[in-house]
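Take a look at the sequence and the model first, then work through the points below.

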Amino acid sequence: MSALSVRDVSQKFGATSALSDVALDISEGEQVALIGASGSGKTTLLRLLGLQSRPSSGSISALGHDLAESKGKDLRQIRSRIGMLPQDLGLVPNHRVIQNVVLGRSGSRNLLGTVRDLLWPRKADRDEIFQILERMGITAKMYDRTDSLSGGQQQRVALARTLFQGAEILLADEPLSAVDPARARDVLELLTGLSSEQGMTLVVSLHQVALAREFFPRVIGLKEGRVVFDGKPTDDEVSSLYDL
Amino acid sequence: MWFGRRWLVVALGFLLFLCVARLGTDFVSHTAGSDPWASTFRFFSGAVSPSFTDQNPSLPADAEPFFSRLGGDLLRTVRYALIATSLAIPAGLILGFFASEQWWPANRSRVLFQFIRWPVRISLALMRSIHELIWAIFFLSAFGDAPFSACLALALPFTGTLAKVFSELIDEQNRSAKLVVTAVGGSGAQGFLSTIFPMALPDLVSYSLYRFECGLRSSAVLGFIGVETIGLSINRSFENGYYGEVWTALYVLIATVLLIEGLGHLTRKRMTQGRTREITPQASEEQLRKTAPRDWFLRSSAVAWAAVIVMAFTLGKPLVTPMLEGQRLERLSRFLTKLTPDPIAPEKSVSTWSERGEAWSEGASGVLPWLAERWENPGKEALTNTLAMSVAAIILAGLLAFALVPWGARSLANQNPLGVAMSGGRFLKGLGFVVRGFFVLTRAVPEYLYAFLLVGLMGPSAWPLIIALALHNVGILGRLWTEVVENQGEKIPRSVLQVGGSRGQGYLGALAPMSLNRFVLFFFYRWESCVREATVLGMLGISSLGYYISIQQNFREYDDILFYTLLGAMMVILGDLLSDLVRRKMRVGRRE
């Protein structure tokens, strides 16, 4: 079954066309890398896949739900099953680690529930977060301020937020943009490892073709808003991906 | 770019010339026979020999001791400021929400949004453009002589300012975390409350403390229209020539303001930095939670502030003077009649709404001539004088601050300016301390108080008021500009010093041009505030809007007061719009 399905989607911002006639299916548990130059439409596509904006034309469905037919509570309910890891991680710097992680479940809480989560998190949630952070190797930081953590540790906090959310799909926007080359592999190992472990569908946008090829069974190449490559690149095809 | 900068300097010089031409060059104007130097000398002697007892020899033996009286005045000053600020903060947050474009959920009807937003924005602009002294004149007349009037007079303009600043602070926060919360299914309100609000909190708290500090100054100034605050003590002691008492009160006020300023700095620093564990424990969740880093200073000060606010509301003179409901309504009705322009005012001072409506329809045609008459004489002239005073003051403050900043900036006034070893370090370090101290002291005293003292010493002319405005603003601009210079990257200015340039050359050749945009932004910020202050400084007897307000106050002609007040408010709103425009063009970070 398709976790994400995109049918002839185009997205325009004024006169600028960010995506043109994109069509693709991503199966449950699949790990996909989006490759393309800056401005090729990767972030726009990720936002559409995360149901955060509606396309100018075409249709998108996530986890069997059509975006066009989902509104209000229904839409929020679907979103609560999709995790998002933005380029700058989207953490509140002056929150404690646990407070950032607990926000992963905002979709299944109301306003008062969120306030309670932040001020007096439930015992069951605290235990669950402790276990998640243990897997991430940062339990000792659970009650520390997030901005006191290193960049790598903060990335783990953002991932812990997705795990606590119980996301079935994880969309990561350029997670290697602020990571040195030596740590890039660790980040991708962590992401793909968690995806395999949890059976979580993973879509990651990247600039590094070699890493995409090494870690992902499927690579989608975007150029000027169009899909120009889709599959596992062979040695001959790799050079064309470098030109994107 | 240089073309623009040169024009800026030429334009400011030309504006200053115009102001001097308008206001004249009679810097000191004393009546014949007076000896201004002697009284000036006596006044400044008081600075080195402040009084610790009453200077009035004719006080009865059982009169309240000087320090006890001063302490009472100070407590009332703090109380009014505290009540006003604690009312203005929630009101500012709520109204700031309605006034801001960013806070509104994107999917709400645009018509409804504009329908609510614009009336709120206009009301907020009006609230903050009218000076607290004028609000106090209105409220004291409408509600009577009660602390409530004083607190409301402070709270109203503060609400306007806080709403504006709060919405800006919130809008400046990074929205990425909020996007994550909405991306995982949270609502906009959840996103706001769980991410944007906590991120903005250190700035909101810090600015609220700064507002409280402003509240202390404004509360003191209310003393000059008879409200029992420290300003009243200063006023009485100065008029009786007890300069030692004046200086003691001034020192007490400055110390209190500095204490709050220090507290604000400390709070902001602790909230921004947070606390970290020295040793990272490998422990259970419970142990980690129990040993989590907590800032007891912040926690205990939050509790202390809450307790002090409750005390301010409950202890001391009752906030509202006991009055029968009928009496209160009668008083309000009389005030409303006096506030209504003459041609449309009802005949009886206590009238019903239908009588007011009748008077309105009968006299409506007389309103325009009534307005024109006041505009022609003296509105136009008073408005021009007020504008000229504010412009002259801010230009003078800007020039002095620009000259002092290199001597106050820690990055320049030391042995290794910008990392380059130079001579004269020890002397300059001392000078830097003196300059920064000058900035602190000048901004700690309200403009109105400076003006009151300077008019007493220099005689009645516009210049004491201009100098008073300039003095207060040089302290604020000096501090803000020094911070801008200190926060600049060192690489470029250092290259000037490395090739043999002096500190002054480093400042004029690199640091000042690099900082110019921010200098201009803060300059406009303060000019906006100068316009507002210049409107009321005339109450000290100089021909500006405040002068005519003060004259009409004597005759209780509140309709005339309203006319001059709205004239001033219009100018402040225009200044506000101009300042906003410049700020948008140049993108600003912080505010004062």
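Let's start in chain A, where strand E3 (residues 31-35) and strand E9 (residues 218-223) pair in the parallel sense over four bridges. Strands count as paired if DSSP finds at least two bridges between them, and the labels come from DSSP runs numbered from the N terminus: helices (H or I) have at least four residues, strands (E) at least two. Keep in mind that this is a predicted model, in which local features need pLDDT of at least 70 and side-chain atom pairs count only at pLDDT 80 or more, while totals for chains, interfaces and linings use all residues. Residues are numbered from 1 along each chain as its sequence is written, with chains lettered from A and ligands numbered from 1 in the order in which they are written.

**The sheet in chain A**

- Six strands make an open sheet with mixed pairing, in the order E6-E7-E8-E3-E9-E10.
- Its edge strands are E6 (82-85) and E10, each pairing on one side only.
- From one strand to the next, the twist averages 15°.

**Who pairs with whom**

- On to E10 (residues 226-231): E9(A) and E10(A) pair in the antiparallel sense over five bridges, and A:Gly221 stands opposite A:Phe229.
- The hairpin of E9(A) and E10(A) has two residues between the strands, and A:Glu224 there takes a positive phi near 45°.
- E6(A) pairs with E7(A) (residues 169-173) in the parallel sense over four bridges; here A:Leu85 has A:Ala172 of E7(A) as its bridge partner.

**A helix on the sheet**

- Helix H7 (residues 181-198) of chain A packs on the sheet, touching E3, E7 and E8 (201-206), and its direction makes about 160° with that of E8(A).
- Touching means that C-beta atoms, placed from the backbone, lie within 7 Å.
- Axes are lines fitted to C-alpha atoms (for helices, over the stretch in contact), and angles run from 0 to 180 degrees between N-to-C directions.

**Two helices in chain B**

- How do H16(B) and H18(B) pack? Helix H16 (residues 425-444) and helix H18 (residues 462-486) of chain B meet at about 130°, with their axes 7 Å apart.
- That makes H16(B) and H18(B) oblique to each other, the label left over once angles under 35 degrees (roughly parallel), over 145 (roughly antiparallel) and 65 to 115 (roughly perpendicular) are taken.

Conventions: Contact = placed C-beta atoms within 7 Å.
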